[in-house]
Amino acid sequence: MTLPRPRRDLREPTLPRLWAVVGATGTGKTALSLGLAEALAAADRRAEIVNADAMQLYRGMDIGTAKLSEGERRGIPHHLLDVLAVTEETAVAWYQDAARRAIADINGRGADAILVGGSGLYVSSVLYDFRFPPTDVELRAALEAELIEHGPGVLYTRLLAADPVTAARVDPRNGRRVVRALEVLAQGEATHGAALPSEPVEWHERTRIIGTQVARDRLVPQLDARVEQMWSDGLIDEVRALQKSGLEAGVTARRAIGYAQALAELAGTSTRNEAIAETQALTRRYARRQVSWFRRYAGVRWVDGAEVKADTAGLVPHILDA
């Protein structure tokens, strides 16, 4: 890929921006975000990073999420890492508020904010005018009681009859999401609405989005090797330690790709080879969904993840100048 030479002086005065670095897992988002922050700092424009990976919100979930250690962050302030216990449930509405407050604080200090991660719904909730449907605690409790008594199948059948469009987006086995969709519909909403708007409006008026991509024939073997490395790096020991912190009682954390499979291995219901193979398959599937999600974004500057890995420092100035 041939890029034009930079033309603009990056030191010219500018109002603080919101940058977003998005893409599938394993495509170089972290490296690019660090390089971007350093390039901005070199141009006298400070930058801080805001995490948009749902599982990196959890303390202790490091190996399986490829979370940067404190020493790997190059002195760049990072926000929304390690803010939840594994027993706590996260939600997109909570994340949207937390991330937007972090970004406003960063911009208020005169610095650019860099939102980086691959959790599509989380990223979208921050970047776009993304409103969440209402909640009803009593109604949800009643639906959750039905879920416990009858299982998700009965409730999903009800959702399918009431709102086929939303039902098509919801995993029939995910009782929590089925309950939430029925809760919203029961309050008179036409649809659940938890998807990227067809004509999204940016929340931050000075937003620039950079997407990292790797051809699938190169990405798949990289992802498979990455999963094997997670086990070599001690994922089982990490999960064993998290069990003592209540991982299995968590609603969200225990379902994370890799962690659920490691728990099965520890429980003896899966062999190591089976746990690794299932994690690889789910990671590949997740990467496909991420690609489809971010491809819907307009105005993305796409870069090759291989170029990010080979020469982040050389690539970033061209991104800044675009």
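Trainee: Which residue in β5 is the bridge partner of L18?

Mentor: This is a predicted model, in which local features need pLDDT of at least 70, side-chain atom pairs count only at pLDDT 80 or more, and totals for chains, interfaces and linings use all residues. Residues are numbered from 1 along each chain as its sequence is written, and side-chain values use heavy atoms, with hydrogens and water left out. Strands are DSSP runs of E with at least two residues, helices are runs of H or I with at least four, and both are numbered from the N terminus. In β5, L18 has as its bridge partner T207.

Trainee: How many bridges join β1 to β5?

Mentor: Two strands count as paired if DSSP finds at least two bridges between them. G23 stands opposite T212 in β5. β1 and β5 run parallel, and the number of bridges joining them is 6.

Trainee: Which strand does β1 join through 4 bridges?

Mentor: L18 stands opposite A113. The two strands run parallel, and the partner of β1 is β4 (residues 112-116).

Trainee: Which residue in β6 is the bridge partner of T212?

Mentor: β5 and β6 pair in the parallel sense over 5 bridges. Within β6, T212 has as its bridge partner V303.

Trainee: How many residues of β1 are buried?

Mentor: Buried means under 20% relative accessible area, exposed over 50%, and partly exposed in between, with a 1.4 Å probe and protein chains only. Both faces of β1 are covered, with L18, A20 and V22 buried on one side and W19, V21 and G23 on the other. For β1 (residues 18-23) the buried count is 6 of 6.

Trainee: Which element gives the largest share of the lining of the second largest pocket?

Mentor: A pocket is an open set of points on a 1 Å grid over the protein atoms alone, where a 1.4 Å probe fits, with protein on both sides within 12 Å along at least five of seven lines; lining residues have an atom within 4 Å of a point. The second largest pocket is lined by 18 residues, and Q213, V214, A215, V291 and R295 lie nearest its centre. The elements giving two or more residues to this lining are β5 (207-213), α8 (216-232), α11 (272-295) and β6 (300-304). The largest share, 6 residues, comes from α11.

Trainee: How far apart are the end C-alpha atoms of α7?

Mentor: The expected span of a helix is 1.5 Å times one less than its number of residues. The 12 residues of α7 (residues 175-186) should therefore span 16 Å, and this agrees with the model, where the end C-alpha atoms are apart by 16 Å.

Trainee: How many residues of α7 are buried?

Mentor: What covers the buried residues of α7 includes α4 (137-150), α5 (152-162) and α6 (164-169). Among the buried residues are R180 and E183. α7 is mostly covered, and the buried count is 9 of its 12 residues.

Trainee: Which residue just after α4 takes a positive phi?

Mentor: The 14 residues of α4 should span 20 Å, which agrees with end C-alpha atoms 20 Å apart. Just after α4, the positive phi is about 85°, and the residue is G151.

Key:
Contact means heavy atoms within 4.5 Å.
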